[in-house]
Amino acid sequence: METKSSRIIVFGAGGRVGRAAVAEARRRGHEVTTAGRTDGEVTDPAVVAQLAAGHDVAIVAVYDPRVRPDEFFPAVARALAEGLPAAGVKRLVSVGLASVLPTASGDLLMDVPGYPQEWREFYVGHGAGTEALRAAAPEALDWLVLSPAGDFDHEGESSAGYALAPAAADSRITLGDFARALLDEAEVPTLHRTHAGVSTP
């Protein structure tokens with residue numbers, strides 16, 4: 001089924017995930033606006049609204065190592081929740097983190113024995129961002145947080161396929177396949193107001 005061309009803004013377009021999302025969106029014929037850190041603070045609702053005006057969908061893959069994760073990610077979420085609806089953007093697909101996804105047993109991946117804990121502050125900050133989005137987003141903003149079910153495979157070849165999956169430390173997905181998942185959900189939303197993981201089948 002052919003989908004109509006949309007105007008998509010990608011916040012964090014300079015990172016690896018952002019670049020993959022931009023490439024996939026353009027491959028599908030969408031009109032893409034790229035926004036990086038130099039284009040304004042994504043923690044400022046007014047800047048978000050200004051940059052996003054005239055777009056149909058926002059894809060967000062941002063990180064600022066200069067700011068504490070538990071401050072940065074919730075601030076981004078609140079700015080998106082206010083700024084995107086003000087700009088008339090109805091769909092948000094944000095890139096999340098597998099560490100705060102439930103595993104098949106129901107435990108969060110970051111709580112599984114043996115999982116690396118040296119970046120736990122980052123994991124928890126990411127999770128706080130999703131909770132802030134859940135609390136602040138109005139009904140007018142149809143949002144989704146999508147993440148690898150485990151981690152990225154930076155060496156493998158894209159398979160042109162992916163599947164929804166619970167978190168698993170050994171799960172992998174290429175950037176190309178993950179970008180396909182992002183754009184599929186941007187074009188034809190099937191997941192709403194939740195955090196989901198994707199993996200190579």
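Predicted model: local features only at pLDDT ≥ 70, side-chain atom pairs only at ≥ 80, totals over all residues.
1. A crossing of two helices is called left-handed if the near helix is turned anticlockwise from the far one by less than a right angle, and right-handed if clockwise. In this model, α2 passes α3 in a right-handed crossing. Helix α2 covers residues 45-52 and helix α3 residues 69-86; they pack at an angle of about 40°, and their axes are 7 Å apart. Axes here are lines fitted to C-alpha atoms, for helices over the stretch in contact, and angles run from 0 to 180 degrees between N-to-C directions.

2. Residues are numbered from 1 along each chain as its sequence is written, and side-chain values use heavy atoms, with hydrogens and water left out.

3. Which residues make the contact between α2 and α3? On the α2 side they are P45, V48, A49 and A52, and on the α3 side A79, L80, E82, G83, L84 and A86; contact means heavy atoms within 4.5 Å. These residues divide into eight nonpolar, one polar and one charged. In this classification Ala, Val, Leu, Ile, Met, Phe, Trp, Tyr, Cys and Pro count as nonpolar, Asp, Glu, Lys and Arg as charged, and the others, Gly among them, as polar.

4. From α1, the contact draws on R16, V17, A20, A21, E24 and A25, and from α5 on L175, F178, A179, R180, L182 and L183. By class, there are nine nonpolar, no polar and three charged residues in this contact.

5. As to the overall fold, the protein has five helices and nine strands. Helices (H or I, at least four residues) and strands (E, at least two) are DSSP runs, numbered from the N terminus. Their order along the sequence is β-α-β-α-β-α-β-α-β-β-β-β-α-β. The radius of gyration is 16 Å, close to the 17 Å that the globule rule gives for 201 residues, so the protein is as compact as a globular protein of that length. That radius is taken over C-alpha atoms, and the rule is 2.2 Å times the number of residues to the power 0.38.

6. The C-alpha trace spans about 45 × 40 × 30 Å along its principal axes. Of the 201 residues, 48% count as buried, where buried means under 20% relative accessible area, exposed over 50%, and partly exposed in between (1.4 Å probe, protein chains only). The accessible surface comes to about 9500 Å², of which 52% belongs to carbon and sulfur atoms; areas come from the Shrake-Rupley method with a 1.4 Å probe, and for residues only the protein chains shown count as cover. Among contacts between residues at least 6 apart in sequence, 73% join residues at least 24 apart.

7. The loop between β4 and α4 contains S99. Is S99 buried or exposed? S99 is buried, with a relative accessible area of 2%. Leaving aside neighbours within four places in sequence, S99 is in contact with L108, L109, M110, Y115 and Y123. The C-alpha atoms of S99 and Y115 are separated by 8.9 Å, the two residues being 16 residues apart along the chain. D111 also lies between β4 (91-95) and α4 (120-136), and is partly exposed at 42% relative accessible area.

8. Most residues other than glycine have a negative phi, and most peptide bonds are trans. R193, although not a glycine, has a positive phi of about 55°. R193 lies in the loop between α5 and β9 (195-199) and is partly exposed, with a relative accessible area of 25%.

9. Two further positions may be noted. S5, in the segment before β1 (7-11), is partly exposed at 47% relative accessibility and, beyond its neighbours within four places in sequence, is in contact with G29, H30 and E31. A165, in the loop between β7 (163-164) and β8 (172-174), is partly exposed at 24%; with neighbours within four places in sequence left aside, A165 is in contact with A149, G197, V198 and S199.
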